[in-house]
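Reader: Hi! Could you walk me through this one?
Author: Happy to. Here it is.

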Amino acid sequence: MDIEPAFFETNPKAGSVGQPLDRVDGRAKVTGQAKYSAEFNNLPGLVHAVLKTSDVAKGRIQSIDTSAAQKEPGVLAILTHQNVPKLAKTPNDPEGKKAIGAPMGFLPLTSDQVHYAGQPVAIIVADTLERAQHAAALVRVQIAAEKPLASYVDPRAELFDPQKVQDGKTDGHTVRGNPKAAFAAAPVQLTHTYTHAINHHNPMEPGATTAHWEAPDRLTVYESTQGVTRTQKALSTMLGLAAEQVRVVTKYLGGGFGCKGSTWPHTVLTVQAARAVGRPVKLSLTRPQMFTSMGHREDQTQTLKVGATKEGKLLALIHEKTSTTSPWDNYAEPNSRIINLLYKCPAFESTYQLARADVMTSTFTRAPGEAPGSFAIECSMDDLAYQVGLDPLQIRLLNYADKDYSTNKPWSSKSLKQCYARGAELFGWSKRNPKAGETRDGRLLVGMGMATASYPVHNNQGTARVRLYADGHALVQTGATDLGTGTYTVMTQVAADALWLAPDKVRFELGDTKLPTAPNSGGSVAAGTVSSSIYMAAQDVWQKLIKLATQDKKSPLYRAKVADVMVENGRMVLKANKAKGEDYATLMKRNETADIEGTGNGKYGAGYESGLAAGPADSGHQDDMAGHSMHSFGAHFCEVKVDPELGTVRVTRWVSVHAAGRILNAKTARSQIIGGSIFGIGSALMERTVRDDQFARYTNASLADYHIPVNADIPDMTVEFIEEHDPYINAMGVKGIGEISMVGVAAAVANAVYHATGKRIRSLPITPDKVLQAKAMQV
Amino acid sequence: MNNFAYQQASKAKDATAIVRDDKQAAYIAGGTTLLDLMKANLEQHSQLVDINLLPFKGIEKTNDGLRIGAMERMSDVGENPIVQQQFPAISESLLLAASPQLRNMASMGGNILQRTRCGYFRDPAFPCNKRVPGSGCPALQGDNHNLAILGVSDACIANSYPGDLSVALAAFDAVLTLENAKGKQRRVPITEFYLLPGNTPQKETVLEPGELIVSITVPAAAYTQRSTYLKVRERSSYAYALASAAVGLDVQGGSIRAARVALGGVGAQPWRSREAEQVLTGAPATEATFRAAAAAALRGAQPREHNRFKVELAQNTLVQALQKVAG
């Protein structure tokens, strides 16, 4: 592409963007200065809340005896469904749920109904945490328990077609072409079933809320959330307050991974408890409570039928997913989305089936949909490669999607072929023995597998405010959140370049509803949307300065046309004669202007090539959005060593190459890809939450028993990015890398296990028991 | 977590008297097991008696082997040169356990008394015969993928001791010295220290009220020096064993003169396998012998739906461990 991005025009090579700048918040974090949401301990009269939760998964509360707990010293309040004040709206009806934007259509403490194990049945407030914990243990809850249903696997489960999944966002039934006939006629037919264990997000920082009613109608909440604006909307709606009466603050997050993308019951209950006791109240979920309070990835089965020519060209893909949902929601990850678009295939069909069980609702979890969906399609592509005698990389090139066949739109940009080529080179893919089960290292079996990654750029927009001071520093603000991945750092870099400042002259603030609205940090949208809004806000500042200069009789630019002036090295100069101009400090000081403010709107689909980004905020950015399919792409290459006697699988080499538009910081981006890939390795090899069939309650709700990888499980990882200029995505050309790093990882590992052993394991995680079982089976 | 009193004992007699007389009292050393149990409301104690000042220390060679004070920390014992050189299986069992932070805190006596990781025991919301006798055992039909297959009963299939150290101690005939409130000491082989669940899974050891573990002695032999501990788990560190094997061989001229075998992760208690030792003793140190020994060790296995794989896994683990020490 010969069109240079607007960003590079205003700031050539000296820029900070893309450089491996150290985290600007690093010092604050390692010295304990960074305040997380459970650390606002200086609030006047702060007291502590703990949740009492249900032991059983289904039933009705018959009585709650709080008498012993009430007598304990320091106990301030015990709220149950019998005495909790009524809310203006609850998510318990569809209209309320929609207005609140709640993840789950059920709020505890609104009736005697128990719908899931771990459901809060009381919230206890005391002057110290220990007293609250002790009192909670003394609360006696009698529940008339009924036999619960734990999963879609239970023969009693009634499956239904939800029509829409993911809270109505995604169609539950998609058909393209004539898939059934195409599959029936296909010379090569594969039908395989994949299962995925329940996974939990398990961020280091648990869900936490500190609620402070500063006045009867004014609430401030320090909340561990990926979106302050969404939380503000949910809380104000439930409380019957105007949005501006509720301030939500999230300065730092210790990870979220989707579980902090919504407002969950514990937050609402803490706010109600604070109102009841008339003091600020803090609640921090315990680790076991984290397994039942903020959603999870649902247990699921996918069946994928692949029809292909003898040469390996896809003819039909038919995908069915069956999964567990809660008694009140129709949540299912949209697995089919990636299967529909990853390859060139003329016929596609997807259906979803759900079963209601007595469990907490599932929610977005680390690349929701794309992660398990890619497991199915990328293992099946591997099968197809072996079946038709092609290299796994060749089968993918043979079926390369030159456009998005699911929408019939061109890609805004796609550098997947470069990712494949570079990844294969870094990994040494060409040295791989094409035959499975024939590479050894002593008694260990060695396997090499690969898989494709893809993640959409989701439609979103956000705003930012930039204040440039005549003395050469700037304040940049937006209500975004930093999950810990580096938002503070990369946005400082973007603002520095856009304002021609050194990064240490930029103060960047986020995580407060008092700041301009930004989207939830989720679905990989933050980097692109927030950076573009900051860039646009900086352009607004420059436009104001140029206007000021052209109207200032003492300026060398007096009476110049605004369109004839450009900014270079912090100076406003005539395009035709760059010697003529002045720097902003001179201009501002002469005009006795201490500072100047600009605002900007960063939008999906308002890219720089069309000039839409530079135009008015509401100019037809629809064009770019409607005209292109926007996705990141990448490729993973994995080596495993399998002990065939012990069933253990260890990842010994890893290469990931991604193309995701502009990369804002080489260091934080690499770290983020490494982290996401480790998530994927975790879900591939060890992560699973076990829900007891009879009790519908988890049996391993701790970080000792729910295994996530340790350092020793992870080899040195090679991560690279393909440079990619996407002119349509947004003003900064940033696609976002929050989730793509995990997509395809489980398949790459499973494909490597197949290559090592000659056995295909289609059930995640691939634990030693499954490896031993597969060894015993023929095929 | 309930309120409790805390006091530090400077003499063994003070400590044992308190715990003998107050059934709700407990000793605390490193606290790495006890505090977890208390926080989860699995144990409620009226008072904790801190025994960290008691003089049950030392890692020393004796006339016939090794003596380790019960208050020594896992990390200190695991990294001790005598233990590493003459009892490698014991050193490995310690260093493959838990995490460095936990090993720095946890005492040897506390390690021996750690409790099962069975998910039904660990969550008071579930019935559990070990926790509430007679309430039932959901693990029989439920999530039993990492529970025991040897020595189990219809009341309980937990691996009552889920750790590593006692597996190595069981293999090498370690003896515990216990001291009661009268200051009287008795010696109990670790293979007789743990109790099988039978109908009383709540009774896990032969410790009497107030009795303390004072020290561990392990006799030295050719097979303790030629020993190893092999641990198989779902991740490379900080995980309990799916199966493990502590083995020692005395091989001369290709023939096994003496052998010691214990299995972890598969038994209701650390599982000494004299059946395997019988097969090994006097036989050639070959894979065929090792396979036969492994088969003998697992002959009485009673697997259930999700832990059936352990029958094969434990055998393969044992074979690999034997191959490693046979050289």
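Reader: How far apart do the end C-alpha atoms of residues 31–147 of chain A lie?
Author: They lie 50 Å apart, and the span is 19% helix and 30% strand. Helices (H or I, at least four residues) and strands (E, at least two) are DSSP runs, numbered from the N terminus. This is a predicted model, where local features need pLDDT of at least 70 and side-chain atom pairs count only at pLDDT 80 or more, while totals for chains, interfaces and linings use all residues. Residues are numbered from 1 along each chain as its sequence is written, and chains are lettered from A and ligands numbered from 1 in the order in which they are written.

Reader: Thanks! Which residues have the most contacts inside the largest nonpolar core?
Author: Among them are A:Ile124, A:Val125 and B:Leu318, in a core of 324 residues. Such a core joins buried Ala, Val, Leu, Ile, Met, Phe, Trp, Tyr and Cys residues through C-beta atoms within 7 Å; buried means 20 or more other C-beta atoms within 10 Å of a residue's own, with C-beta atoms placed from the backbone. Helix 15 (residues 526–550) of chain A gives the largest share of this core, 13 residues.

Reader: And what is B:Leu318 in contact with, leaving aside neighbours within four places in sequence?
Author: Its partners include B:Ala245, B:Val247 and B:Leu263; contact means C-beta atoms, placed from the backbone, within 7 Å.

Reader: Switching to chain B: how many helices and strands are there?
Author: Chain B has 14 helices and twelve strands. Of its 327 residues, 55% count as buried.

Reader: What does its C-alpha trace span along the principal axes?
Author: About 60 × 50 × 30 Å for chain B.

How values were computed:
Buried ≥ 20, exposed ≤ 12 C-beta atoms within 10 Å, placed from the backbone. Contact = placed C-beta atoms within 7 Å.
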